[in-house]
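Thanks for coming. I will walk through one model today, so please keep the sequence and the picture in view while I talk.

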Amino acid sequence: MFEDFKTTIATQLAVLTGAPVEAITGAIGIPKTNAHGDLAVNIPSLRIKGNPAQLAKDWAEAFKVDEVITSAVSTGPYINFRINRQVLTRKVLSTIYEKQDKYGWTNEGAGKRVIVEFSSPNIAKPFHAGHLRSTIIGNLIYNLYKASGWDAISMNYLGDWGKQYGLLAVGFERFGNEEQLVADPIQHLFEVYVAISAAAKEDDSLNDQARAYFKSMEDGDETALALWRRFRELSIVKYKDTYARLNINFDVYSGESQVGEGMTRAMAMLEECGLIAESEGAKLLDLEKYKLGRPVVKKSDGTTLYITRDIGAAIERFEAYDFDKIVYVISSQQDVHMKQFLKTISLIGLPYADRFQHVNYGMVNGMSTRNGTVIFLDDMLRESKEIMHEVMRKNEGKYAQVPDPEHVSSVLGVSAIIVQDMLARRIKDYDFDWKRILSFVGNTGPYLQYTHARLCSIERKVQDQVKVNPDADISLLTESHAFEIVTLLAQYPDILSSTLKSLEPCTVVQYMLELARTVSSGIEQMKVKDEPEDIAEARLLMYWCARTVLGNALTIIGLEPISRM
């Protein structure tokens, strides 16, 4: 939104400084406080000889202001600029009205393809709440790439292979129940897995049976594969239901089991590059010189391990999708594994090795139900929905006006969980707190949804008095609150751009919270209902644009905006 203004400033500064327009444009940002200005140039980043503060002072004094850029003032090593309020307001509101749900989107990634791999739970185990972070951070990254014009593909790489599935098959024969499997496959298979794991601790022959079963799976035994395939398919159906509650739909369901001859090719490349060492019949990947250890790539019985399949999958994916970038959203607990993987694909000379990126995140502490039991995601979603429903019922008048309270309470519960997760930098661990996240005040998801619903309510209450008019007289928006709102709305495209660069969810969430607080304060000062028509029109247009932008931001982080609650 500020691009035209940045170009105007950079063009004139290029003449004064001798620096390229592109370099100056890149050095222009939004000040941390509006008191400093609407835009600012960071002089040290231009790398021009001289005292930055003196250079800023000299160039600010030489800068010729006009009816668009109304002031240029130096503050230390910065030059701060003011933009004509009416010019900025008209441009912002008209652009939002024109682009609506695509406001903030660009074509910067046009012609490029990105795969975002995230979530990746283990088949036959309940979706643990710990998987939530990968799921919602990955979905945000996927949405950001789409908003930037990339051909984005969301991929769920399921943990659906390995000795544990041999153990599960052995367990199902002993503890399985067909009716329970069909009714709730993931929960029943989890119960079977817990039971057989406990039994295997007492009887090691069960582990031998599991290894033999998995070996038969790797050798292509159809009987063994048929049972595994059924477990996988039933689990995916259940996962899809959980993802739907999170407003997520994957483009591709992949998995370790889907990797084919890419593994054979990967092993051959590792051998050719002299990266393989042998120990007691097993093959190891020798990364000692890079301080990354010696991970096993093939066991002595010939079965493969994670890193082997990951390398094979990388080769097959590039050939299948011809991607320009692939992003793995995997917890910091897997940092060593990912460093081993990224180093290896570089060492074997894959020409596209620089297109891989690992986005990590910290852990969630204290994630349990209110009575203190360890929680699975389904339990968490159910409980958050119930709590939100309880809160909604307390206001009988408003509750009666909500068309689908079950759905709204579900969305509010998901909003609480997602916003709590995205408040801090993703690498930080955080403590899960039911009381804090489910509040309708403060830095919470319900507060953001409440603000969006409140803006929708303004439109409903005045629909017989005034309509949204893109040609409203915006010169009547003279209040400082109005310009604060407009300035924040103008920042949204830059917020999306900077979030895509940093892949820090907190950037967009903190922006949303600031917008919600500013709008809520503005509503108290600038009414629409029963105001003169021209003033009401101008304010309604501004609030409509605020609602649109807040709704866009909610959608970007994976939430459905609520209109009544």
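**A hairpin and its neighbours**

Let me begin with a turn: β8 and β9 form a hairpin with two residues between them, and E280 in that turn has a positive phi of about 55°. Before going on, a word on where this comes from: it is a predicted model, in which local features need pLDDT of at least 70 and side-chain atom pairs count only at pLDDT 80 or more, while totals for chains, interfaces and linings use all residues. Residues are numbered from 1 along each chain as its sequence is written, and side-chain values use heavy atoms, with hydrogens and water left out.

Strand β8 covers residues 276-279 and strand β9 covers residues 282-285, and the two pair in the antiparallel sense over four bridges. Two strands pair, in this talk, if DSSP finds at least two bridges between them. As for the names, helices (H or I, at least four residues) and strands (E, at least two) are DSSP runs, numbered from the N terminus. Within this pair, E278 stands opposite K283 in β9.

Which strand does β9 also join, by two bridges? That is strand β10, residues 296-298, and the two run antiparallel. Here L284 has V296 in β10 as its bridge partner. In the loop between β9 and β10 sits K291. K291 has a positive phi of about 60° although it is not a glycine. Is K291 buried or exposed? It counts as exposed, because its relative accessibility is 78%. The cut-offs are these: buried means under 20% relative accessible area, exposed means over 50%, and partly exposed is in between, with a 1.4 Å probe and protein chains only.

Now compare S119, in the loop between β5 (113-117) and α5 (132-147). Its phi is also positive, near 75°, and S119 is not a glycine either. S119, however, is buried, with a relative accessible area of 4%.

Stepping back, the protein chain comes to 21 helices and 14 strands. Its C-alpha atoms fill a box of roughly 80 × 65 × 35 Å along the principal axes. Of the 565 residues, 52% are buried.

**Salt bridges**

In general, side chains of opposite charge can pair when their charged atoms come close. A salt bridge here is a side-chain nitrogen of Lys or Arg within 4 Å of a carboxyl oxygen of Asp or Glu. How many salt bridges does the structure hold? There are 27.

One of them is between the side chains of K91 and D4, at 3.0 Å from N to O. K91 is in helix α4 (residues 85-99) and D4 in helix α1 (residues 3-17), so this pair links distant parts of the chain, 87 residues apart. K91 is partly exposed at 27% relative accessible area, and D4 is partly exposed at 45%.

Another joins R245 and D378, whose closest N and O atoms are 3.2 Å apart. What does that pair tie together? R245 lies in helix α10 (residues 222-245) and D378 in helix α14 (residues 377-393), so the pair ties together parts that are 133 residues apart in sequence. R245 is partly exposed at 30%, whereas D378 is buried at 17%.

A further case is E531 with R539, at 4.0 Å from N to O. E531 counts as partly exposed at 27%, and R539 counts as buried at 9%.

**One more contact across the chain**

Helix α4 comes up again with S94, which has its place there. S94 counts as partly exposed, because its relative accessibility is 32%. The C-alpha atoms of S94 and M542 are separated by 10.0 Å, and the two residues are 448 residues apart along the chain.

That is the tour; I will take questions now.
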